[in-house]
Amino acid sequence: MPVEITWWGHATCTVEDSNVRVLTDPLFARRLAHLRRRRGALPPPGARRADVALVSHLHADHLHVPSLARLEPGTRLLVPRGAPRAVPGLRRLTHLRVSEVAPGDEIRVGDLLIRAVPARHDGRRLPLGPHHSPALGYVVEGEARTYFAGDTALFDDMAKEVGPVEVALLPVGGWGPYLGEGHLDAGRAAQALARLAPRSAVPVHYGTYWPIGMDAVRPHEFHAPGEEFVRLAAEHAPRVAVHRLGHGESVRLEVAR
């Protein structure tokens, strides 16, 4: 059975594997604080349908309470441990089945096994608060093993912590003119790809949101990371098939272990 990946923009993807729909970091907003969606239509209502939604960390462009509130009743929601204490709005989402997870935790959803893995990123809710939660990636294992990195820096034990995977959803950019610490740009994402050595990869977390009034500030940081990742991945990991999707586009991957 093929695995299907749909990129809705930013870090939001649907992974369909073993008749289970997995939604990553749901963000369905036209505007978020100082950010506005500059490319790609808003995901259609069908994008909100999922058996389980994964939240990688507490930053508002990844844990967006209004978007989570629009998920269908009964949806399973995995969040970093401590998230409901740090983000009180989560506690009002009583129509969802919320589970807190930390690196190493495994959750069974249908025929999928979902494993939380470490990420190197600031896991706090900003602006700064007193509560800390781990930043996470996830490995979704069914017909394929699919790694959703969330936000992370490149780190030495990445391949060991993640383990063998067939598909990698890797962030390659950001939402502003400069990337801070704890992020992958196109070059570092290509290095991560070489370490992880999946069969296929999809670049995410670029080319969707940009600060209001900053259209002319380093615009290549908005437009270019996807194409740059394709180019650099061919140098660093030539055996990996990279699928650069447009907003709302899907790819079906025949994965044989």
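Glu4 is buried, with a relative accessible area of 17%; buried means under 20% relative accessible area, exposed over 50%, and partly exposed in between, with a 1.4 Å probe and protein chains only. The model is predicted: local features need pLDDT of at least 70, side-chain atom pairs count only at pLDDT 80 or more, and totals for chains, interfaces and linings use all residues. Residues are numbered from 1 along each chain as its sequence is written, and side-chain values use heavy atoms, with hydrogens and water left out.

Glu4 lies in strand β1 (residues 3–9). Strands (E, at least two residues) and helices (H or I, at least four) are DSSP runs numbered from the N terminus. The side chains of Glu4 and Arg252 form a polar contact of 3.0 Å. Such a contact is a pair of N or O atoms within 3.5 Å; within protein, one must be able to donate a hydrogen and the other to accept it, and residues adjacent in sequence count only if both atoms are side-chain atoms. Beyond residues up to four places away in sequence, Glu4 touches Thr14, Val15, Glu16, Ser250, Val251 and Arg252. Contact here means heavy atoms within 4.5 Å.

Strand β1 belongs to an open sheet of 7 strands, ordered β8-β7-β6-β3-β2-β1-β17. Pairing in this sheet is mixed; two strands pair if DSSP finds at least two bridges between them. β8 (97–101) and β17 (250–253) stand at the edges. Each has a single partner strand, so one side of each lacks a neighbour in the sheet. Strands β7 (residues 76–80) and β8 run parallel and are joined by 5 bridges. Leu78 stands opposite Ser99 in β8.

The largest nonpolar core holds 55 residues. A core of this kind is a set of buried Ala, Val, Leu, Ile, Met, Phe, Trp, Tyr and Cys residues joined through side-chain atoms within 4.5 Å. Tyr138, Tyr147 and Phe229 touch the most other members. Helix α4 (residues 186–196) supplies the largest share of this core, 6 residues. A second, separate core has 20 residues, including Leu77, Ala86, Val87 and Leu90.

His34 sits in the loop between β4 (31–32) and β5 (35–37). His34 counts as partly exposed, because its relative accessibility is 39%. Apart from neighbours within four places in sequence, His34 contacts Trp175, Trp210, Pro211 and Ile212.
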